[in-house]
Amino acid sequence: MSWKAWRRTGVLMSALGMAVCAAAPSAVAKAAELDWRACAGAPQLECATVRVPLDYDRPKGEKITLALSRIKATDSAARKGSLVVNRGGPGYSTVEYLQGIVAGTLPSPVDAEVRKAYDIVGVDTRGSGRSTPAVRCFETPAEAAAFAKDVPDAPVTAADRQRRAKADADFARLCRERSGGLLDHISSVSMARDLDAVRAAMGEKRLNYLGQSYGTYLGMVYANLFGDKTGKFVFDSVIDPGKRDSGHPLSTASSRNRTDISTKRTLAEFFRLCEEAGDRCSFGNGDPAAAFDDILTALRKGSIQLTNPAGKKVALTYSYVVSWTGSWLYQPMFWNQLGGAPFLKAVGAAIKDPAGSEATALAQEIELLQQQGIGVAGYGSPIEAAFHAVTCPETDNPANARALAKVAAERDKVAAPFGSLRAYETSACSFWQSKSDERHRGPWTAKTNEPVLILNSRHDPATPVWSAERVQRLLPGSRLLVNEGWGHVTTQQSTCAIKAISAYLLEDKLPERGAECRPDTVPFAASSG
């Protein structure tokens, strides 16, 4: 699943220079036709909108607007159709994702040969991104940041849990007050119906689709509702749909999918590679696992007050370190750069000398990242509202804060320090206010017109490889390709995965059974810096 840490890597990718999407020009869906026009501020892209029913049970009633963008196929003679991409979340703007791709600031999930033959189409799902109306919980980003400030992402003490529960309840109330009845019509089933409306508006008989993370779940819903209209489907970094949605009352989606365990195992890989790298890894003096334990032991005793260069006090907390670690593990490119070893080294130094130069620099970094919604409860992230609007009504969650705390404590016994972190990703769901009961409850064994190509990394903290293996068993004729490496979204980690997608989309060629990919880079390798 595209958990909170994955959602926050959008902030990290933005730090690498992602462009901001301007509003698309207005267009109206016609019979088998969309009015594509150059996107404002992004002439390499074309934008359009399509109107769909707010409530599919009342198709002639109120309408909402979906924002679309596309990278047009570069070889009209070789054109095979459209490929709809969903970046995940739920709630990420795929319109903005395509902007980052054409600007060269975000990696493309497909190669140039695919872009010759397919229009690459992004659809901002209902309630999110540039689609209107959007689910809204705060009036301004500043209000959201102020609300999230000092609310722990991974509660440790009873006071932490009480503060988190109050914030969850207030967040759910604000979302209902400011989004109103829209919340009752935000669901994966409605989104799948929206995708079919987009397919029809594009004049395509079948939907070709590439879903990442939550996008794989949405693709499963579509395939099970519209199996006869499926074309070529690619699932990258896969959610087990049944385990995401349903389970014991004292469980969460993270505990059912064991994403806390997959995060812990990915951290173990970080330790292993760091230790093997020797001096190329700046953290731990040869024993990074022990050094990390020392950090958590110290911070469990209480926060440490640091001072930024302007003289302002900034708290270094257990919750912050666990949350940020859970975030940078998603992208191994950060293991020795923006996060990872340099960050943990600075934390260790700050604990030993809170007044030292490394502590001062760390305080400044913490403050900057918290302003971007990293290291604190995720209410302030731009996609949090949409994430909860989709996730809460269609997943089983503990009934109240006390039950959730019990789940978190149990998960920490097997997956510390990430049991609580992952359990609290959906903590607001215990208070969510939505009347939506539109939920696909299975079966998940769709018969698609084409075999589904499934990709997953071996060490993915967000979407464990065992989820991909189960989905492969659910879908007849599908094929699983595993990247024997690290990180979330396989096409961001391995060119081999991109080549496999190209062979499938262009030549109808699936990987051999048991085939593997290798990652493009190995963290801490001599050539990786």
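1. Basis. The model is predicted: local features need pLDDT of at least 70, side-chain atom pairs count only at pLDDT 80 or more, and totals for chains, interfaces and linings use all residues. Residues are numbered from 1 along each chain as its sequence is written, and side-chain values use heavy atoms, with hydrogens and water left out.

2. Overall build. The protein chain has 19 helices and 12 strands (DSSP runs, H or I of at least four residues for helices, E of at least two for strands, numbered from the N terminus). Its C-alpha atoms fill a box of roughly 65 × 50 × 45 Å along the principal axes.

3. Burial. Of the 529 residues, 60% count as buried. Buried means under 20% relative accessible area, exposed over 50%, and partly exposed in between (1.4 Å probe, protein chains only).

4. Negative patch. E275, D287, D293 and D294 form a negative surface patch (residues with over 30% relative accessible area and no salt bridge, like charges joined within 9 Å; a salt bridge puts a side-chain nitrogen of Lys or Arg within 4 Å of a carboxyl oxygen of Asp or Glu). E275 sits in helix α10, residues 259-277. E275 is partly exposed because its relative accessibility is 46%.

5. A buried leucine. L421 belongs to helix α17, residues 418-423. L421 counts as buried because its relative accessible area is 4%. L421 and S327 are 94 residues apart along the chain, and their C-alpha atoms are separated by 11 Å.

Technical notes: Patches are made of residues with over 30% relative accessible area and no salt bridge: like charges are joined within 9 Å, nonpolar side chains (Val, Leu, Ile, Met, Phe, Trp, Tyr) within 5 Å. Accessible areas come from the Shrake-Rupley method with a 1.4 Å probe; for residues, only the protein chains shown count as cover. Lys and Arg count as positive and Asp and Glu as negative; His and the chain ends are not counted. The place of a charge is taken as NZ of Lys, CZ of Arg, CG of Asp or CD of Glu.
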